[in-house]
Amino acid sequence: MQNVAIADQIDELHDPQTFITKYIWSQDHKVIAIQYGLTAIFVGLIALALSGLMRLQLGFPDAFDFINPSDYLQFVTMHGMIMVIYLLTALLLGGFGNYLIPLMIGARDMVFPFLNMLSYWFYLVSVIVLLTSFFVPGGPTGAGWTLYPPQAILPGTPGYDWGIILMLVSLAIFIVAFTMGGLNYVTTVLQARTHGMTLMRMPLTIWGIFTATVLGLLAFPALLVSAIMMMLDKTLGTSFFMPALVSLGENLDYSGGSPILFQHLFWFFGHPEVYIVALPAFGMVSDVLATHARKSIFGYRMMVWAIVVIGGLSFFVWAHHMYVSGMDPAFGFFFATTTLIIAVPTAIKVYNWVLTLWKGNIQLTVPMLFAIGFIFTFTHGGLTGLFLGNVTIDLPLSDTYFVVAHFHMVMGVSPIMVLFAAIYHWYPLLTGKMFDERLGKIHFWFTFLGTYAIYLPMHYLGFLGVPRRYFAMGSMDFIPDSAQTLNQSITISALIVGFSQLIFLYNVFVSLRNGKPAGHNPWGATSLEWQTPDVPPRHGNWGPKLPQVYRWAYDYGVPGAKEDFIPQNHPVTDSERTAGEHDA
Amino acid sequence: MTIETDTSTTYTDPGVDGMVSDWSSDRQTFDLPWGKLMMWIFLLSDTFIFSVFLTGYMNVRLSQTATWPNTSEVFALEIAGTHLPLILIAIMTFVLITSSGTMAMAVNFAYNGDRRKTAILMGATALLGASFVGMQAFEWTKLIGEGVRPWGNPMGSPQFGAAFFMITGFHGLHVTAGVIYLSIVARKVARGDYEKKGYAIVEITGLYWHFVDLVWVFIFAFFYLW
Amino acid sequence: MSETSGQQHPVGVYLKVWILLFVLSTFSYMVDFFHLEGYLRWTLILIFMFLKAGFIIAIFMHVAWERLALKYVLFVPLSAIAILILLMAIEGDYTFLTRETFFDQ
Ligand code: HEM
Ligand SMILES: [Cu+2]
């Protein structure tokens, strides 16, 4: 049992001395988390700006002649890829995973801090490579975030030369970074928990992050391999994904490859990826809801199993993205079935969130508002997912704005809602300061209502048949003129939502200085990260002695307790014990 | 929900009961050093990488209308006047298996505290690995000389060269990385760097090395014998 | 980790497995050497392959002596790969058939 003991020895950690070792080449998981977080938010803002440009074009075609059709494709692609990979995956796992795992399970740090640091630096390199592609000849790739060959690497698609190469290289580096971080997260959760911290006492946040990381470690290989194969097709002229074809009137040298294979491999990664961003969000929102409703989470065990089952099943549903691809038609039945099965544990989670609120002592704090907002947006996005999971309903809706609306609700807006909830919730711990409550509420209402103003009409546009990834609709008979009015209103809403994020940035940065001191545990939360001796926690987290855990993370509103919550590191009292016997 | 239990596991219960008690323990789930568990999880992830490579190869090969070259002949050699199909590949297979054997022995000696033998056996493993890479380089040169390229070849389907260079190349990179890894660890073992920390590192290195051998078993069956 | 919990086993086991791996490799080479074809070829190749892989994993990588918990961690995820392989085999055949039907090369 000696390897457990390492976690107890504080002298194993070398306290960093200089500014550089403390904030730049830092091996402290909290600093790495913040580095990850700031970088991710920075690229996220770029992606947001790109979406603004796209919306300008869609709302007011012809008004902005600096946006031409190939620019538009590049914006779509970079927006989608950055949002999914470089913002959400990095912020949820690299940012929140890094910050919360050691603190919530009572460890001093990740098990391999040096590797953890490398992970961030590789991530930074991948971001730099990605952004470089804006400045190379031809610009970034415009192949769509799905990067489907043959078009991704053939003339006619913007960025078919440098752009796509840099994109693939950047993804490969990102995967290396993720693997280094992910191995750390998984091993830390499995092997470095504190005394009394069993898996079934871990907060759901950790369960979500842990399962998502496992998914990442098993799903990213498919993306890596398809990136390598596409790279060979592009640079060496192999034909893995390239059939014999004629492009721009020219017979190409490719022959015999299978484009469908790429789609399968991409979605073998891509669908689990959806859950890589969803599961951490599921976990964090559960904790925010319980804390701010002052009530234990409803059905903890069911919640844990739902996370694990969703994670497992997510590897068996991938081809529901390919109903119109020309794959073996028999697959439709298989994948529609598995897709509808995965809806069951997902629905269980939604019921349990709602039941957690039921008769709770709900505090409408800013994190809570965002968490409740998430329940709405996620339910909406989930319901349209049921439409798209069925082959016959998907066929007419595929590649329309209905799909755009669906995935933005379910994997765009929903995780973002949770990210805001989480940032507001843990801000006092990270900084020791409170943010401005009023500004936070304004930010919430703009974001939440704005989301609906943007995406609800898109469902309708999708029913009309408006195709996605189109620069302009032109004059198509089946699209009434009023669709354009709708598009304008969507654009205006999107711009308002975009700019309202400035309120958030202002709040976060100004409160660093002007915020009220938060003190210990301002929300009255039970989980360990709020029980550190210092706020914000210092290097090594726990002072001389690791905490001892006696209970689960959801003892809110315990009858007979002094306060309305009991932290995880408080021993079980006699009165509780007798009460427990009565229950049994 | 507040029942106090002493949950530290002893890792002695067998079977499913034991699995349940392992998973419900506090502090750690597995009775393994951190590095070893991490290596196992990495290898699982790497298994997915190689599986996807091989699956991709299988898919393009199955969908071929062009003929696939006969590997048995492509990889044949004339040795002392006799024509031996696949002989180089067979030798490479034996070399890799031998190296797995020396590696396994190295782990054994490491836990027995015999530093010298451990280092020597690891060195031997690395040498065998290096000679494997050497033979692979020879094979590549030979094929390139016969006009096989990643984008095409005179014998038939262009995917043959593509899959060949990609899969053996990626495996070869793993072997090369393994040789470097082995050499570093062997040197440190010889110097006595692990006297305090213990010799789990040798076992961890061994896991990686056996994995590389394991992958070759599948490549041999699916690429060369199909 | 106490010293005894490292994986230590009698040398004899390793030597036997080592020899066995040589023999199995020779067998699979023989399958090709004697030009066995069809189902016989594939049955033999797969049997030898899985036996070799099994021995490497079980003995050299010590999985036979690991706890059941670890075995599950290592093998359950492979079900995803199994499905991928199965479906990609079906898909490959389907692509082949459509090519045969719609293009004549
Ligand atoms: C205010 C916020 C956002 C706005 C206004 C917005 C707007 C858009 C627009 C206009 C498109 C292109 C539709 C088309 O032409 O097909 C798009 C595509 C996309 N967006 Fe967003 N988006 C936002 C946030 C997000 C977030 C948070 C995510 C994270 C998952 C996301 C992921 C994607 C993806 C994956 C695509 C598809 C890219 C492609 O087709 O290749 N978006 N978005
Ligand atoms: Cu999906």
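Me: Is Arg469(A) buried, exposed or partly exposed, and what is its relative accessible area?
Reply: In this predicted model, local features need pLDDT of at least 70 and side-chain atom pairs count only at pLDDT 80 or more, while totals for chains, interfaces and linings use all residues; side-chain values use heavy atoms, with hydrogens and water left out. Residues are numbered from 1 along each chain as its sequence is written, and chains are lettered from A and ligands numbered from 1 in the order in which they are written. Buried means under 20% relative accessible area, exposed over 50%, and partly exposed in between (1.4 Å probe, protein chains only). Arg469(A) is therefore partly exposed, with a relative accessible area of 26%.

Me: Where is Arg469(A) placed?
Reply: Most residues other than glycine have a negative phi. Arg469(A) has a positive phi near 60°. Helices are DSSP runs (H or I, at least four residues; strands are E, at least two), numbered from the N terminus. By that numbering, the residue lies in chain A, in the loop between α14 and α15.

Me: Is Lys359(A) buried or exposed?
Reply: Lys359(A) sits in the loop between α10 and α11 of chain A. Its phi is positive, about 60°, although the residue is not a glycine. With 72% relative accessibility, Lys359(A) counts as exposed.

Me: How are α10(A) and α11(A) oriented to each other?
Reply: Helix α10 (residues 331-357) and helix α11 (residues 366-389) of chain A pack at about 160°, with axes 11 Å apart. Axes are lines fitted to C-alpha atoms, for helices over the stretch in contact, and angles run from 0 to 180 degrees between N-to-C directions. Angles under 35 degrees count as roughly parallel, over 145 as roughly antiparallel, 65 to 115 as roughly perpendicular and the rest as oblique. The packing angle therefore makes α10(A) and α11(A) roughly antiparallel.

Me: Which residues of α9(A) make the contact with α8(A)?
Reply: Helix α8 (residues 259-293) and helix α9 (residues 300-313) of chain A cross at roughly 175°, and their axes come within 11 Å. The two helices are therefore roughly antiparallel to each other. Contact means heavy atoms within 4.5 Å. From α8(A) come Tyr275(A), Leu279(A), Phe282(A) and Ser286(A), and from α9(A) come Met303(A), Ile307(A), Ile310(A) and Gly311(A).

Me: Which residues touch the most other members of the largest nonpolar core?
Reply: A nonpolar core is a set of buried Ala, Val, Leu, Ile, Met, Phe, Trp, Tyr and Cys residues joined through side-chain atoms within 4.5 Å. The largest one has 299 residues, and those touching the most other members are Tyr86(A) and Tyr123(A).

Me: Which helix gives the most residues to this core?
Reply: Domain 1 (1-66) and domain 2 (67-105) of chain C, with bounds from an automatic or database domain assignment, both give residues to the core, so it lies between them. The most, 23 residues, come from chain A, in helix α4 (residues 69-105).

Me: What distance separates the C-alpha atoms of Thr451(A) and Val497(A)?
Reply: Thr451(A) is found in helix α14 (residues 437-464) of chain A. At 4% relative accessibility, Thr451(A) counts as buried. Val497(A) is among the residues that Thr451(A) touches. These two residues are 46 residues apart along the chain, and their C-alpha atoms are separated by 7.5 Å.

Terms used: Lists of a residue's contacts leave out its neighbours within four places in sequence.
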